[in-house]
Protein chains: 2
Amino acid sequence: MSVNLTIPDSLSPVKGIRLGSIEANLRYTNRDDLSLIELAEGSGVAGVFTQSAFSAAPVLVCREHLQQTEGIRYLVINAGNANAATGEEGLTSARMICAEIAEETMTALNSVLPFSTGVIGEQLPYWKIVEQVPALIDSLSEDNWIKVAQAIMTTDTSMKAVSKSLEIDGKTITITGMTKGAGMIEPNMATMLAYIATDAGIENKRLQEILNDAVRDSFNSITVDSDTSTNDSLILMATGKSGVSLNDSNQDQIIGAINEVCQRLAQAIIRDAEGATKFVTISVESAPDYAYAKEIAYAVARSPLVKTALFASDPNWGRIAMAIGKAPVKDLDVSKLALWLGDTQLLEAGEPLEAYQEEQGQKEMDKEEINIRIQLNAGESSATVWTSDLSHEYIKINAEYRS
Amino acid sequence: MSVNLTIPDSLSPVKGIRLGSIEANLRYTNRDDLSLIELAEGSGVAGVFTQSAFSAAPVLVCREHLQQTEGIRYLVINAGNANAATGEEGLTSARMICAEIAEETMTALNSVLPFSTGVIGEQLPYWKIVEQVPALIDSLSEDNWIKVAQAIMTTDTSMKAVSKSLEIDGKTITITGMTKGAGMIEPNMATMLAYIATDAGIENKRLQEILNDAVRDSFNSITVDSDTSTNDSLILMATGKSGVSLNDSNQDQIIGAINEVCQRLAQAIIRDAEGATKFVTISVESAPDYAYAKEIAYAVARSPLVKTALFASDPNWGRIAMAIGKAPVKDLDVSKLALWLGDTQLLEAGEPLEAYQEEQGQKEMDKEEINIRIQLNAGESSATVWTSDLSHEYIKINAEYRS
């Protein structure tokens, strides 16, 4: 199941990036589950990671390696085992894998970033990865974006990726990004795994600022089930190999394109959310500030009762009111509030509209893409959150399979 | 479905309390859906209510009427319509019902408390209630606790009530309480509807203090689906008709009994939670303070991924670690953390126990009553939260029926 998810036939290579994947039989069989991304020397790299207190071993190693200044050259990613809640042994496993790649490529240990996704609480059989490193390096090619986007999947029903090109000063800049994740999705600074690369030149400090901003209205504005992964990692890479570097005159264009890629990838996760039958956009307008608007949007997006009503296409808007009412915000005056389902208004100044007919709500709820719009009339700020519905299939996926 | 829910054959009448119910055909047919509770003159009454910004009309009227000092004499309760998100018209409906009861019983308008439970966002047909008031008053009797406990139900599979008696100074004190609620349960100060009465004498101010304390570790320590109702109301009544009044020498005994009744009623809601197949107790120990412990217990109790694993009896304890990791607490040091599933230890000092075998976890998970114990080794405080699992039946109930 997925809701209007566009699966690209091809993705544009990014100058300065090679990728590859192989079968390491970590959990899955007959599919690639081990991937490598190589960056040209001198590339900028920025990352955001889960805020979980139980951050996985690879996340801890990534944070450590991103501190150094020599530059990141390799990203190694396995699917099927999260290497999370694995203590000191898990940290050692992540470091062993980095060390093997560093040795085979004659780079520094801390120029390698490790990533894992899959079951939490099982030790990672790192030796299965270590013995495959030479084959993994042999698999590198500029044209492997689709192959790797598939190799990082777990409960995803399909790969999720986006390419975008810009012309600047007669030169072409490419931004290609991929992501995985379908459940345990309410990123807190980042989502499951996402890798976005551009051949524009952007130095590390600026790249990190751009990423932090881009994340706010993309990966940090989605929820499937309100659960936050131990392994959330989002990496933005800038190789500079297009010959164009970020400057005052081109930054709006380049940053705008990066933001757009982030938002499309984040939305792709929701379109492919576990059990999703609806793609739901919740906008909160005229709030006192951004955080206030977002708390209300998330209260609606997280509510199991709103999500089961969405699954049932039931215009039971009382549950939306309930969810707004429980949002942890101060001094919400519901007597000023207006509520829309698509183009149909339900509440004005906190009162149900007498003209409203249930058929109007039904028509909106029958759609696959549903917009819920909440006007607080209490300020100038707004926020949007994207979510999915809560279906039998979600229970089935998460009760019957171990993820 | 319910998990080891004890349904009493009889409930002890409370001196000074009469109750009754009738069919008003508000939403349901062939069952009582309108109830009245009468208190003896001079009774103490305390209440706690939802913190929802969308507090229902009857909740707003209850808060107003409890301000006055003449004393509460009647509680009127309808099931099937919540009279929530109904604006000024909803407030007028609630007041019309109070006015009719006040007139027929020759009491003051503000000596009547109204309560509603059911669908949110539909106007309450108050005239159906008003025309039934004489019949409702005729139905009053001391022995109707079971009848009324049934008449306040909505998606509950059975009535939930408890009686407890104490001997003090050769006199018998009775405490009888009833509650309803099965979904939209994460009370924030109180739960759906609960009514507890004693014939001990306790004046209003003290009664409110006792209730506030009792609620913390009972109704404010449960969650079914993390959704908070617009109508949560809990009323504690003390008629004094046993001839025993609260004093320094008997207060531990009386307050202890009230606390026990609150906790058993709150647990009964979880045992009858929508779709529940498990009754789950989550204890967090050795935390820096109570709020810290409770945030972690709630993070685990709310997690859809933990709840689907519980439904599947899958000892996938990595999801418990994930949920602990996302709790909104500061400076959680997982390297000190210990985790138990029943009597089986899984983590010690943040590391998985090598001796742990999956069969041990499976044995614990196969039980209907599951205990999850988390030791933080970071202080002296502890908190316990009770919850249910997340099953196909929950989705079915909330997608197929409008509640």
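**Exercise 1. The contact between the chains**

Task: In this predicted model, how many residues of chain B are in contact with chain A, and which element of chain B gives the most to that side?

Solution: 
- Step 1. Count the residues on each side: 50 residues of chain B are in contact with 50 residues of chain A.
- Step 2. List the elements of chain B that give two or more residues to this side: α2 (87–105), α9 (304–311), α10 (318–326), β14 (351–352) and α12 (392–400).
- Step 3. Pick out the main contributor, which is α10(B) with eight residues.
- Step 4. Sort the side of chain B that touches chain A by class: 22 residues are nonpolar, 19 polar and nine charged.

**Exercise 2. The relation between the copies**

Solution: 

**Exercise 3. A sheet in chain B**

Task: Give the strand order of the five-stranded open sheet in chain B, and say which helices pack on the sheet.

Solution: 
- Step 1. The order is β3-β10-β8-β7-β6 (chain B), and the pairing is mixed.
- Step 2. β3 (44–49) and β6 (160–168) of chain B each have a single partner strand and stand at the edges, so one side of each lacks a neighbour in the sheet.
- Step 3. From one strand to the next the twist averages 10 degrees.
- Step 4. Take one pair: β6(B) runs antiparallel to β7 (171–180) of chain B, over nine bridges. Within it, B:Ala161 has B:Met178 as its bridge partner in β7(B).
- Step 5. Helix α6 (204–216) of chain B packs on the sheet by touching β3 and β10 (233–238) of chain B, and its direction makes about 35 degrees with that of β3(B).
- Step 6. Helix α7 (251–271) of chain B also packs on the sheet, where it touches β6, β7 and β8 (193–198) of chain B; the direction of α7(B) makes about 165 degrees with that of β6(B).

How values were computed. Residues numbered from 1 in each chain as written. Chains lettered and ligands numbered in written order. Predicted model: local features only at pLDDT ≥ 70, side-chain atom pairs only at ≥ 80, totals over all residues. Pairing = 2+ DSSP bridges. Helix = DSSP H or I, 4+ residues; strand = E, 2+ residues; numbered from the N terminus. Axes fitted to C-alpha atoms, helices over the stretch in contact; angles between N-to-C directions. Contact = placed C-beta atoms within 7 Å. Nonpolar A, V, L, I, M, F, W, Y, C, P; charged D, E, K, R; others polar.
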